[in-house]
Amino acid sequence: MEHDVSGRRGLLEILSWARPHESDTEQAFCREFLDRVPGMKADAFGNRMIAVGKAPRILWSCHVDTVAARGGAQEVTVSDPGIAALRHGKSGMSLGADDGAGLWIMLNMIAASRPGLYVFHRGEEHGCLGSQWIRRTTPQVLGGIDAAIALDRAGLFDVITHQSYGRTCSDAFAISLASALNELDAGFRYRPDNSGVFTDTNEYAGLVPECTNISVGYYSQHGPRETLDLGHCEKLLAVMLRFETENLVIARDPSLCDDAAWSWQDELGNRADLAALVAEHPLLAAEMLLEAGITSDDFWLAAWERERGGGADYRPLSSL
Ligand SMILES: [Zn+2]
């Protein structure tokens with residue numbers, strides 16, 4: 001089936017696909033929307049990417065997966081002021097403007113031949129799996145890239161300077177990006193914001209000088225009440241179609257980490273490494289847990305608590 005991604009109709013079509021990681025719908029979406037773009041490539045993890053123009057210096061980033069218990073079609077409604085939402089939203093569903101909005105903007109930038117390396121990551125909502133895979137397995141993909149800009153932030157105003165890694169882009173870069181956007185749309189009020197957590201570009205912060213994430217207009221992501229400000233998203237695309245990246249200030253040295261977030265980064269890395277080992281040797285992991293006095297009931301309770309807490313961090317069992 002041929003899908004036209006242009007205009008509001010294209011954006012609403014993308015939002016009508018619930019695409020949890022590894023679902024049939026996610027795979028079908030990749031085939032039908034991404035693989036048909038001439039020149040689009042897939043890596044061994046299934047991330048899709050395409051370079052437009054010679055030796056691009058800007059990496060544009062979004063993710064394909066959405067938060068949903070099940071893949072499939074979903075009905076989207078648009079209210080008067082141009083706010084999209086699910087028509088019959090229930091728990092276990094989300095509008096998926098996180099990150100359908102970024103994905104739509106990128107597909108339309110490619111269609112307009114705007115220069116850049118466009119990366120459509122898989123598995124962002126499961127811990128940035130696709131970008132982690134690129135960082136560990138094919139870091140050469142990032143060669144020559146000065147700035148990795150994710151289109152994957154809630155709200156309307158943020159140019160993210162800090163993620164879980166610590167500082168991921170310089171203030172000079174963030175200010176140059178924010179003012180370039182604001183100059184192209186009189187209604188925009190982008191400004192640096194240091195309250196990011198993580199998205200795919202966080203993975204690249206040790207390799208790429210400037211790594212950020214900018215607001216694309218969604219709110220209340222990851223749940224049935226997620227909305228998207230369609231007008232903002234459309235204006236951002238219009239700006240991107242005229243945006244010249246030459247004047248962005250590249251100032252950060254990715255080999256230096258300028259604050260204490262390293263320990264947090266190390267901890268995240270250790271946790272991911274351990275999780276990979278546990279997945280490879282589940283019986284050994286179970287034996288070790290039992291020896292440490294943790295039963296399947298304890299484990300089940302902790303997992304349940306964590307789900308209820310909406311992704312809150314693991315707390316020691318003693319505090320449950
Ligand atoms: Zn996202």
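Ile 50 is partly exposed, because 19 other C-beta atoms lie within 10 Å (buried means 20 or more other C-beta atoms within 10 Å of the residue's own, exposed 12 or fewer, partly exposed in between, with C-beta atoms placed from the backbone). This is a predicted model, in which local features need pLDDT of at least 70 and side-chain atom pairs count only at pLDDT 80 or more, while totals for chains, interfaces and linings use all residues. Residues are numbered from 1 along each chain as its sequence is written.

**Surroundings of Ile 50**
- Ile 50 is found in strand S3 (residues 48-52); helices (H or I, at least four residues) and strands (E, at least two) are DSSP runs, numbered from the N terminus.
- Apart from neighbours within four places in sequence, Ile 50 is in contact with Val 37, Gly 39, Met 40, Lys 41, Ile 110 and Tyr 118 (contact: C-beta atoms, placed from the backbone, within 7 Å).
- His 121 is 71 residues from Ile 50 in sequence, and their C-alpha atoms are 12 Å apart in space.

**Overall fold**
- The protein has nine helices and 15 strands, and 40% of its 320 residues count as buried.
- For 320 residues, a compact globule would have a radius of gyration near 20 Å, and the protein agrees at 20 Å (taken over C-alpha atoms; the rule is 2.2 Å times the number of residues to the power 0.38).
- The C-alpha trace spans about 60 × 50 × 35 Å along its principal axes.
- Of the contacts between residues at least 6 apart in sequence, 77% join residues at least 24 apart.
- Domain 1 (7-247) and domain 2 (262-319) have C-alpha centres 30 Å apart; the bounds come from an automatic or database domain assignment.

- In helix H1 (residues 7-15), the buried residues are Leu 11, Ile 14 and Leu 15.
- Seen down the axis of H1, these buried residues fall within an arc of 100°, so they line one face of the helix (the arc is that of the directions from the helix axis to the C-beta atoms).
- The buried residues of H1 pack against strands S1 (17-18), S6 (76-78) and S7 (83-86), and against helices H3 (97-111) and H6 (230-240).

**Confidence**
- Mean pLDDT is 91, and 92% of residues reach 70 or more (pLDDT is the predictor's confidence in each residue, from 0 to 100).
- Over residues 314-320 the pLDDT is below 50, and this stretch has nine contacts in the model beyond near neighbours in sequence.
- Where pLDDT is low, the predicted coordinates should not be read in detail.

Note on methods:
Contact = placed C-beta atoms within 7 Å.
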